[in-house]
Amino acid sequence: MAVTTYCIFLMQLAGNDAIVTRTLEVLEIQKLLISPTLLGIVVPGEFDLVIRTQDINTLVPIFKVIYHYKKRGKELAIVENLTEVEITSQVRLKKPPRWKAELKAVHSKPHLYRRLQQHNEGDKSLDYLYMDKDPRTGLPLVSIPKAFHDLFRKSPFSSERDPLLHHFSICNKLNHRMGSDKRFCMVTNSSLFLAYPNGKLQRSIEISAITQIMHSLQLIALKVPSEFDLLLSFDEVNLAISLVHVLKVIHKFRCSGTELPVESSVDVAQFNLIKPVTWKPTMAPVLTRQDLVDHLQRFNIAPHTTTSEKYLCT
């Protein structure tokens, strides 16, 4: 194992060589589970990791410091004084079906020296490096879980592009016959996207074109008069609630403060779920996080303050 300025690298010996088998960003850790000889690392976005080591007292402080710095002061959750059985019963070690190891860059000492020089010179651009939300809306910046990176590698949502994303989930798209199909649901700073299970994009909807939301538990209906409406269901209520919140905030931001009407019940009969014969999908552009940073810097918007809607990122 090797720990860099932001990553944990696991390596397997192969003769005289060491082959990297997994890289894990410290900021993706949810919590640490600790016994005298076992260290459990809980990583909801991938799969968990359990290490047997005598260096727990050395590793844990390193993880805490890196996490605290990358998360801008947030503390890493730690559960101590557990038994080995308690740790192994709380972790999920099975790899997701589509998971593939991704290599991360290893920063050099000159890179560190440049960062220190920037810090000492008061370089404000450093504040944008670990920005975890859009300061104009307060919405968190999220990433597609690594288990699905391979599906989106040839799309605008490729992890290499670092897309600007506020919501990612798996849902069921219901049709007018009430049949359902699995879809990925993604929300950028301006649009809602649906993608097939293979990652191919199916539809994008400008959030400003949504005129009404009906929401009841796991079910969400979106009124889109300029195209046709959308009915989604989720396995978890909190995912539906999260999507409604994100859509409301973005709609208000992009529509000069106009609130998006939300009703707490769903009347499917009010929605037109039939695709017009002449309709053809047109995919909205997907900005990157760097696009957001460039925009904020252009208008001198600090990464941790909320500002006026006039600074809309287009």
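Mentor: Start with the helix that matters here. α3 gives the largest share of the lining of the second largest pocket, six residues. Helices are DSSP runs of H or I of at least four residues, strands are runs of E of at least two, and both are numbered from the N terminus.

One caution before we go on. This is a predicted model, in which local features need pLDDT of at least 70 and side-chain atom pairs count only at pLDDT 80 or more, while totals for chains, interfaces and linings use all residues. Residues are numbered from 1 along each chain as its sequence is written, and side-chain values use heavy atoms, with hydrogens and water left out.

Back to the pocket. Its volume is about 640 Å³. A pocket is an open set of points on a 1 Å grid over the protein atoms alone, with protein on both sides within 12 Å along at least five of seven lines; a cavity is a set where a 1.4 Å probe fits but cannot get out; lining residues have an atom within 4 Å of a point. Grid points are joined across faces, edges and corners, and a volume is the space filled by probe spheres set on them.

Who lines this pocket? There are 23 lining residues, and Tyr69, Lys70, Leu112, Arg115 and Tyr130 lie nearest the centre. Two helices, α1 (56-70) and α3 (109-120), each supply at least two residues of the lining. By class, the lining has nine nonpolar, seven polar and seven charged residues. Nonpolar here means Ala, Val, Leu, Ile, Met, Phe, Trp, Tyr, Cys and Pro; charged means Asp, Glu, Lys and Arg; the others, Gly among them, are polar.

With Tyr113 and Leu116, Leu112 makes a nonpolar patch of about 300 Å². Patch residues have over 30% relative accessible area and no salt bridge; nonpolar side chains (Val, Leu, Ile, Met, Phe, Trp, Tyr) are joined within 5 Å, like charges within 9 Å. The areas come from the Shrake-Rupley method with a 1.4 Å probe, and for residues only the protein chains shown count as cover. Leu116 sits in helix α3. It counts as partly exposed because its relative accessibility is 44%. Buried means under 20%, exposed means over 50%, and partly exposed is in between (1.4 Å probe, protein chains only).

The search finds one cavity of 30 Å³ or more. The largest cavity holds about 40 Å³. Its lining is Asp134, Arg136, Thr137, His166, Asn189, Ile250, Phe253 and Arg254. That makes two nonpolar, three polar and three charged residues.

Now the wider chain. It has 314 residues, of which 42% count as buried. There are five helices and 15 strands. The C-alpha atoms fill a box of roughly 65 × 50 × 35 Å along the principal axes.

Next, the charged pairs. The structure holds 11 salt bridges, each a side-chain nitrogen of Lys or Arg within 4 Å of a carboxyl oxygen of Asp or Glu. Lys146 and Glu46 form one, at 3.0 Å from N to O. Lys146 is in the loop between α3 and β8 (167-174), Glu46 in the loop between β5 (38-42) and β6 (49-52), 100 residues apart. Lys146 counts as buried at 7% relative accessibility. Glu46 is buried too, at 2%.

Asp235 and Lys182 form another, with the closest N and O atoms 3.7 Å apart. Asp235 lies in the loop between β14 (230-233) and α4 (237-254) and Lys182 in strand β9 (residues 180-187), so this pair ties together parts 53 residues apart in sequence. Asp235 is exposed at 57%, whereas Lys182 is partly exposed at 40%.

Arg203 pairs with Glu227, with the closest N and O atoms 3.1 Å apart. Arg203 is in strand β11 (residues 201-206) and Glu227 in the loop between β13 (219-223) and β14, so parts 24 residues apart are tied together. Arg203 is buried at 5%; Glu227 is partly exposed at 24%. Shared partners also join Arg22, Glu28, Glu46 and Lys146 into one salt-bridge network.
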